[in-house]
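Dear colleague,

I am passing on the structure below, together with some notes on what turned up in it. Please read the notes with the model open beside you.

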Amino acid sequence: MNISELLARNARKFPNKEGFITLNGRYSYREVDEKVNQLANALQDQGISRGDKVILFSPNTIEFVYSYFAVQRIGAIIVPINAKLSTEEIRYILEHSEAIAFIGDELVWPQVTPLVEKYPILWITTGSPSHPNVEILNDFFERGSKKPVVSTAKEDDLSTMLYTSGSTGKPKGVLLSQRNILSVAIMMCIETEMNEDSRILHMMPLSHSAPLHLFFVAGTYVGATHVLAPTFTPSLLLELVASEKITHFFGAPVAYLLAAKQPEIEKVDLSSMKRWVYGGAPLSPTEVQLIQEKFKTNALMCVYGLTEAGPNGTYLSPKDHAIKAGSIGKRAALNCEIRIVNEEGNDIQPGEVGEIILYGEGNMAGYYKDEEKTKETMKNGWLYTGDMATYDEDGYIWIVDRKKDMIISGGVNIYPKEIEDTLKTHPDIEDVAVVGVPHPDWGETVKAYIVTSKKIENLEEMCKQFLEGKLANFKIPKLYEQIDELPRNTTGKILKYQLRKKEYAK
């Protein structure tokens, strides 16, 4: 079995079923499979073959679907990248991946235009060509044969390369095999009870591992119906769930919080939903209560995992949200094992802090062109996540912080996330990032970067007074700086390495 064959199988089993719905059209599984064959044949005619890398730069459109399956159908490696990337970020991935073809949507083509002249690869756009070297995707469909292309990919063959978000530096290319992806797709089908009657809404970028593998590939595995939107707005989320009778949705916590504030949520019918899934960050008990009340649901599910794991990891079930909101669950999901270990590699005890490590068929083949980092991350089949966590007496796991973000001051471990979460409860603080900065005696000391909507005259005094009694004295930052906004990447993750780099350069 391989990913391309999932689509071909559905075209045979459910030929007339609506497999893909966009804001502009509705497409059966057979129609999409025929288009994929045409594109696959045309790409082969252009010399694209097994093992070649093809970048896919597109929001969630039907052209994304065609391109994703067609590239894999001929044994090439698909490299989906975030449609919000800048020209410089695209250039880095283009050079690092050694891609020989690039398929980009006209909506985001302006970011690509400056690169076309410099790189002699196959450039394809869904819109009008901006340069003689650029070809039109529709031309490929017209000249491509409708003859079925049968994928010969084996489960151990490489399928996809996804770039990490680069929150700690340059993005790394994560290589994933057919087996890696099918393993996590099957997991999600079973853990969320997906089947051929499911209707899955895709609003988060399909260039990311969770939307792509846990929901897009998983839904295709069981022959579900996919509803695709090129962008997210809270109103559109509510509208599509109600009008298309959506059963499964994955979104970042902020998507739920924004939708919960929409006046129309009181009027729309969201009762079709079987799983409201979120990931990337936990929701607090207060936030969970708000969402459950506004969405009129007890179907919230939190998933935890890494791109390097497929992603696989753990989940917090709907019923556990009532007592353990903020936790990532108490067991590994299907096809995965989890441990939390100390520096010596021994399992921790309840209340202690250690690093989460994962084992399973979803674990990556490795980082592209980075054997040293692969060996550092993968040890005896276990993936070292860099996420520091603890578990309580009931066995539920709680993320403490990223290992690389941990501050060591005077030999004591300090976890910034705890400080950040506390500071964010101050009514005048909109955003905050806590990092370690050099100190001649203590090695590092704690500094907080604060974002507020108004100028605070005595920021240090305000923050210290607020934190007193809420945190131990050694955790309270000694230094404070008010800034307009925190540096973030395209997925919204704070780029703490930029803040640390700034401090160590002083």
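By class, which residues make up the lining of the second largest pocket? The lining has six nonpolar, five polar and three charged residues, where Ala, Val, Leu, Ile, Met, Phe, Trp, Tyr, Cys and Pro count as nonpolar, Asp, Glu, Lys and Arg as charged, and the others, Gly among them, as polar.

Before going further, please keep in mind that this is a predicted model, in which local features need pLDDT of at least 70 and side-chain atom pairs count only at pLDDT 80 or more, while totals for chains, interfaces and linings use all residues. Residues are numbered from 1 along each chain as its sequence is written, and side-chain values use heavy atoms, with hydrogens and water left out.

The pocket

The second largest pocket has a volume of about 240 Å³. Of the 14 residues that line this pocket, Thr 22, Asn 24, Thr 61, Ile 62 and Glu 63 are the closest to its centre. A pocket here is an open set of points on a 1 Å grid over the protein atoms alone, where a 1.4 Å probe fits and where there is protein on both sides within 12 Å along at least five of seven lines; lining residues have an atom within 4 Å of a point. Grid points are joined across faces, edges and corners, and the volume is the space filled by probe spheres set on the points.

The nonpolar cores

The largest nonpolar core has 113 residues, and those with the most contacts inside it are Phe 20, Tyr 68, Trp 276 and Phe 295. A nonpolar core is a set of buried Ala, Val, Leu, Ile, Met, Phe, Trp, Tyr and Cys residues joined through side-chain atoms within 4.5 Å; buried means under 20% relative accessible area, exposed over 50%, and partly exposed in between, with a 1.4 Å probe and protein chains only. A second, separate core of 26 residues includes Phe 57, Ile 77, Val 108 and Trp 109. Leaving aside residues up to four places away in sequence, Trp 276 is in contact (heavy atoms within 4.5 Å) with several residues, among them Leu 237, Val 241, Tyr 256 and Phe 295.

Helices (H or I, at least four residues) and strands (E, at least two) are DSSP runs, numbered from the N terminus. Because six of its eight residues are buried, α10 is largely enclosed by the rest of the structure; the buried ones are Pro 253, Ala 255, Tyr 256, Leu 257, Ala 259 and Ala 260. Their cover includes α9 (234-244), β12 (248-251), β13, α11 (285-295) and β14. Helix α9 is itself mostly covered, with eight of its 11 residues buried, including Leu 237, Val 241 and Ala 242. Just after α9, Lys 245 takes a positive phi of about 55°.

Where does Asp 269 lie? Asp 269 is found in the loop between α10 (253-260) and β13 (275-279), and is partly exposed, with a relative accessible area of 40%. Not counting residues up to four places away in sequence, Asp 269 touches Ala 242 and Lys 245. Its side chain also makes a polar contact of 2.6 Å with the side chain of Ser 271; such a contact is a pair of N or O atoms within 3.5 Å, and within protein one must be able to donate a hydrogen and the other to accept it, while residues adjacent in sequence count only if both atoms are side-chain atoms.

Ser 209 lies in helix α8 (residues 209-222) and is buried, with a relative accessible area of 6%. A polar contact of 3.1 Å joins the side chains of Ser 209 and Thr 307, and the residues that Ser 209 touches include Gly 310 and Pro 311. Gly 310 and Pro 311 are joined by a cis peptide bond, with omega about 10°, and Pro 311 lies in the loop between β14 (300-305) and β15 (313-316).

Positive phi values

Most residues other than glycine have a negative phi, and most peptide bonds are trans. Lys 369, although not a glycine, has a positive phi of about 60°, and is partly exposed at 48% relative accessible area. Asn 380 has a positive phi near 55°, and is exposed, with a relative accessible area of 76%.

With best wishes
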